[in-house]
Amino acid sequence: MLSWVFLLLSSGLEVMWAAGLKYAATPLQWSLTILCMAGSFVFMLLASKRMGAALAYVFFVTFGAVGTYLLDVAYFGKEPKLLAVAAIAVILWSVARLHQVK
């Protein structure tokens, strides 16, 4: 269970540093972006040691990509597109199936 907490923390920090790469303008914002990057990798490392690197990485990338898209829609005014939402649904379904196969 702790591995999933680490994975969610890692993915959340990934979403924040991805936004930081696009929107950081001040030295403080860039410092926070770099701190989020470092934290993301540390928590990913901790998660991968507990659940295996391949599975952890698949979920890390999936949660990060979906989270980044949702952040863009919710906070940065990106217009949601039906095709993008459908693609995200397929990705989430595929990853859930992959987890069942493991």
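"Buried" here means under 20% relative accessible area, against over 50% for exposed and in between for partly exposed (1.4 Å probe, protein chains only). Helices (H or I, at least four residues) are DSSP runs, numbered from the N terminus.

A quick word on the model: it is predicted, so local features need pLDDT of at least 70, side-chain atom pairs count only at pLDDT 80 or more, and totals for chains, interfaces and linings use all residues. Residues are numbered from 1 along each chain as its sequence is written, and side-chain values use heavy atoms, with hydrogens and water left out.

The buried residues of α3 are Leu55, Ala56, Phe59, Phe60, Thr62, Gly64, Val66, Gly67, Tyr69 and Asp72. Just past the end of α3, glycine 77 has a positive phi of about 75 degrees.

How do α2 and α3 meet? Axes are lines fitted to C-alpha atoms, for helices over the stretch in contact, and angles run from 0 to 180 degrees between N-to-C directions. On the α2 side the contact (heavy atoms within 4.5 Å) uses Ser40, Met44, Ala47, Ser48 and Met51, and on the α3 side Ala53, Leu55, Ala56, Tyr57 and Phe60. Sorted by type, these contact residues are eight nonpolar, two polar and no charged. For that sorting, Ala, Val, Leu, Ile, Met, Phe, Trp, Tyr, Cys and Pro are nonpolar, Asp, Glu, Lys and Arg are charged, and the others, Gly among them, are polar.

**Helix α1 and its partner α2**

Next up is α1, whose axis comes within 7 Å of that of α2 and crosses it at roughly 155 degrees. That makes α1 and α2 roughly antiparallel to each other. Their contact residues divide into 18 nonpolar, seven polar and two charged.

The buried residues of α1 include Phe6, Leu7, Leu13, Glu14 and Trp17. Their cover includes α2 and α3.

| Helix | Residues | End C-alpha to end C-alpha | Expected span |
|---|---|---|---|
| α1 | 22 residues | 31 Å | 32 Å |

Leaving out residues up to four places away in sequence, serine 11 touches Phe59, Phe60, Phe63 and Gly64.

Leucine 21, also found in α1, is partly exposed at 43% relative accessible area. Skipping residues up to four places away in sequence, leucine 21 touches Trp30, Thr33 and Met37. Leucine 21 and threonine 33 are twelve residues apart along the chain, and their C-alpha atoms are separated by 7.0 Å.

Over in α4 sits valine 95, which counts as buried at 8% relative accessibility. Again not counting residues up to four places away in sequence, valine 95 touches Val58, Phe59 and Thr62. Valine 95 and leucine 71 are 24 residues apart in sequence and 20 Å apart in space, C-alpha to C-alpha.

Technical notes
Helices (H or I, at least four residues) and strands (E, at least two) are DSSP runs, numbered from the N terminus. Angles under 35 degrees count as roughly parallel, over 145 as roughly antiparallel, 65 to 115 as roughly perpendicular and the rest as oblique. The expected span of a helix is 1.5 Å times one less than its number of residues.
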